[in-house]
Amino acid sequence: MTLNLLTAISPIDGRYRSKAEPLAEYFSEYALIRYRIRVEIEYFITLCELPLPQLSSFDKSLFPMLRSIYETFTVAGAQRVKDIESITNHDVKAVEYYIKEQLDAFSSAGKVPAGYFEPYKEFIHFGLTSQDINNTSVPLSIKEALEKVFYPQIEELISQLESYADEWKDVAMLAKTHGQPASPTRLGKEVMVFAYRLREQLNLLKSCRFTAKFGGATGNYNAHHVAYPEYDWREFGNRFVSEKLGLEREQYTTQISNYDHLGSIFDAIRRINTIIID
């Protein structure tokens, strides 16, 4: 059955697709794959910048070429990742193999000498577990979706309510106490109540921290430390997550994120939604 508005399982991608479509850039599987590739590429670049001994000879002028893998990523690319996944039976491993394919493609296209990437390719995903990629990609997608889609729409709603409040500031109306007629009020003031509430909760949402788990199989950088004990991998991870992804690294985790700050973000959104329903 072909996927369209009538055959979609969820109303989000069916009846309400026209309203939710801007979010596809952040929350579709295509988007998740793109974010995963972005994290993998930026991690590899940061290893080159360190540099690890085996990566010290990597030509740093090639970094823009590497970033083009995710900057120009298409739905066709995502389909290729899915095709690889049908063999690997592992979604993040498929991303790793896809990136290596793209490096080979650069060589085939004559952008770098044949075989240039061979000494470096195995450092893609070095020392990481899948959740290092997932627990950075997901909060990054949420952060950017809020900044580019959600915040502007809520700001627009608040602005519209404030405009109505000013326009109706002299419109008298009967107010109620416990559902019974009480002292009078003005329509503009009553509308302003909702603008005020939304502004308060939006500010609280914006104050939430966007954190990420990044620390190897059990959060301890075990593989990193065994391979290269001379580096401070905790400091490396903090710097990578902050400088390259714009997130904050969770300092103590298991294999996965603690998810506490995601809970704060979702609860703040829930409060905003409750006000809008009112």
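**Rings, burial and overall form**

Visitor: Phe117, buried or exposed?
Guide: Phe117 is buried, as its relative accessible area is 2%. Buried means under 20% relative accessible area, exposed over 50% and partly exposed in between, with a 1.4 Å probe and protein chains only.

Visitor: What am I looking at?
Guide: This is a predicted model, where local features need pLDDT of at least 70 and side-chain atom pairs count only at pLDDT 80 or more, while totals for chains, interfaces and linings use all residues. Residues are numbered from 1 along each chain as its sequence is written, and side-chain values use heavy atoms, leaving out hydrogens and water.

Visitor: How many aromatic pairs?
Guide: The structure has 21. Rings of Phe, Tyr and Trp (its six-membered ring) pair if their centres lie within 6.5 Å; planes under 30 degrees apart are stacked, over 60 edge-to-face, and the rest tilted. Take Tyr43 and Phe236: the ring centres are 6.2 Å apart and the planes stand at 75°, so this pair is edge-to-face.

Visitor: Where do those two sit in the chain?
Guide: Tyr43 is in helix H3 (residues 29-49) and Phe236 in helix H10 (residues 233-245), 193 residues apart. Helices (H or I, at least four residues) and strands (E, at least two) are DSSP runs, numbered from the N terminus. Tyr43 is buried at 0% relative accessibility, and Phe236 is buried at 2%.

Visitor: And what does Phe58 do with Phe117?
Guide: Their ring centres are 6.1 Å apart and their planes at 35°, so the pair is tilted. Phe58 is in the loop between H3 and helix H4 (63-71), and Phe117 is in the loop between helix H6 (91-108) and helix H7 (130-167), so the pair ties together parts 59 residues apart in sequence. Phe58 is buried, at 2%.

Visitor: Which residues form a ring cluster?
Guide: Ring pairs link Tyr43, Phe123, Phe126, Phe214, Tyr228, Tyr231, Trp233, Phe236 and Phe240.

Visitor: Switching to charges. What lies over the face of Tyr35?
Guide: Arg34, at 5.1 Å from the ring centre. Lys206 lies over the face of Tyr151, at 5.3 Å. The test is NZ of Lys or CZ of Arg within 6 Å of the ring centre and within 35 degrees of the ring normal.

Visitor: Now the whole chain. What is the radius of gyration?
Guide: First, the secondary structure comes to 11 helices and four strands. The radius of gyration is 24 Å, well over the 19 Å from the globule rule for 278 residues, so the chain is more spread out than a compact globule. The radius is taken over C-alpha atoms; the rule is 2.2 Å times the number of residues to the power 0.38.
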